[in-house]
Amino acid sequence: MNQLQHTLAKTLIDDSPTLAEQILTLRFKKYPIKDKQLFDRQSSTDYIMKLVQLIGSSLVLSPSAREDGLKVWAIQTARYALEYGQSLDVAMQSTIFIRSEILHVIERLAEQGETSVKEVIFIIQEINQMLDLCFQVFTETYMESILEAM
C-alpha cells in the first residue's frame, strides 16, 4: 500500500462526519426534498458516513475482503431503504456527490504530498471500482426485493 492510499484511508475515516454533511448539503441544493417525500436526515447522514468510512477502511484490505464488506453494506442499506419506503431514485441521489467529494479529498491529499500521477490514477480507479460495486449491489438488491414482493 502506498502513502497516498494510507493517508486517504485515514482521512476518509476521520473526516467522514464532515464529508457526510457536505455531501447531503450538495444533494439538497440539487435535489430539494419534495412534499410528502420520505426523508430522515440522521439516517441519510449515517448511511453516507458509514459508506465513506467503509471505503476508507477497505483501501487497506485484500480485494476479496474489500468486496465482501462492500456487498454486505450495500445489501443491508438497500433493505433498509425498502423497509423505510424510500424510492430507488431518492436513495441514489447522493451517489454523484459521494464520488465527487472523495475525489476532492484525493486531489487535496495529492497536492499536499509528492504523489505521482500514476498513484493518483490507481487510487481513483480503486475508489471508482468500490463505489460502482456498492451502487450496483444496492440497486440489484433493491430491485430483486421488489420483484420478490410482487
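This is a predicted model: local features need pLDDT of at least 70, side-chain atom pairs count only at pLDDT 80 or more; totals for chains, interfaces and linings use all residues.
Helix H6 counts 18 residues and reaches 26 Å from its first C-alpha to its last, close to the 26 Å expected at 1.5 Å a residue. Two packed helices are described by the angle between their axes and the distance between the axes.

**Helix H6 and its crossing with H2**

- In H6, the buried residues are Thr95, Phe97, Ile98, Glu101, Ile102, Val105, Ile106, Leu109 and Ala110, and what covers them includes H1, H2, H3 and helix H7, which spans residues 117-149.
- Helix H2, made of residues 16-30, and helix H6, made of residues 95-112, have axes that come within 9 Å and cross at roughly 130°.
- Because angles over 145 degrees would count as roughly antiparallel and 65 to 115 as roughly perpendicular, the crossing at roughly 130° makes H2 and H6 oblique to each other.
- The handedness of the crossing of H2 and H6 is right-handed.
- On the H2 side the contact is made by Leu19, Gln22, Ile23, Leu26, Arg27 and Lys30, which meet Phe97, Ile98, Glu101 and Val105 on the H6 side; sorted by class, this contact of H2 with H6 has six nonpolar, one polar and three charged residues.

**Helix H1 and its crossing with H3**

- Leu4, Gln5, Leu8, Ala9, Thr11 and Leu12 are the buried residues of H1, and they pack against H2, H3, helix H4 (63-84), H6 and H7.
- The axes of H1 and H3 come within 8 Å and cross at roughly 160°, an angle that makes H1 roughly antiparallel to H3, and the crossing of this pair is left-handed.
- Ala9, Leu12 and Ile13 of H1 meet Val52, Gln53, Ile55, Gly56 and Ser57 of H3, and by class the contact of H1 with H3 has five nonpolar, three polar and no charged residues.

**Individual buried positions**

- Leu4 belongs to helix H1, which covers residues 3-14, and is buried, with a relative accessible area of 5%.
- The C-alpha atoms of Leu4 and Arg99 are separated by 17 Å, the two residues being 95 residues apart along the chain.
- Thr45, in helix H3 (residues 41-58), is buried with a relative accessible area of 8%, and, residues up to four places away in sequence not counted, touches Ala20, Glu21 and Leu24.
- Ser94 sits in the loop between helix H5 (88-91) and H6 and, at 5% relative accessibility, counts as buried.

Note on methods. Residues are numbered from 1 along each chain as its sequence is written. Side-chain values use heavy atoms; hydrogens and water are left out. Axes are lines fitted to C-alpha atoms, for helices over the stretch in contact, and angles run from 0 to 180 degrees between N-to-C directions. Helices (H or I, at least four residues) and strands (E, at least two) are DSSP runs, numbered from the N terminus. Angles under 35 degrees count as roughly parallel, over 145 as roughly antiparallel, 65 to 115 as roughly perpendicular and the rest as oblique. A crossing is left-handed if the near helix is turned anticlockwise from the far one by less than a right angle, and right-handed if clockwise. Contact means heavy atoms within 4.5 Å. Ala, Val, Leu, Ile, Met, Phe, Trp, Tyr, Cys and Pro count as nonpolar, Asp, Glu, Lys and Arg as charged, and the others, Gly among them, as polar. Buried means under 20% relative accessible area, exposed over 50%, partly exposed in between (1.4 Å probe, protein chains only). The expected span of a helix is 1.5 Å times one less than its number of residues.
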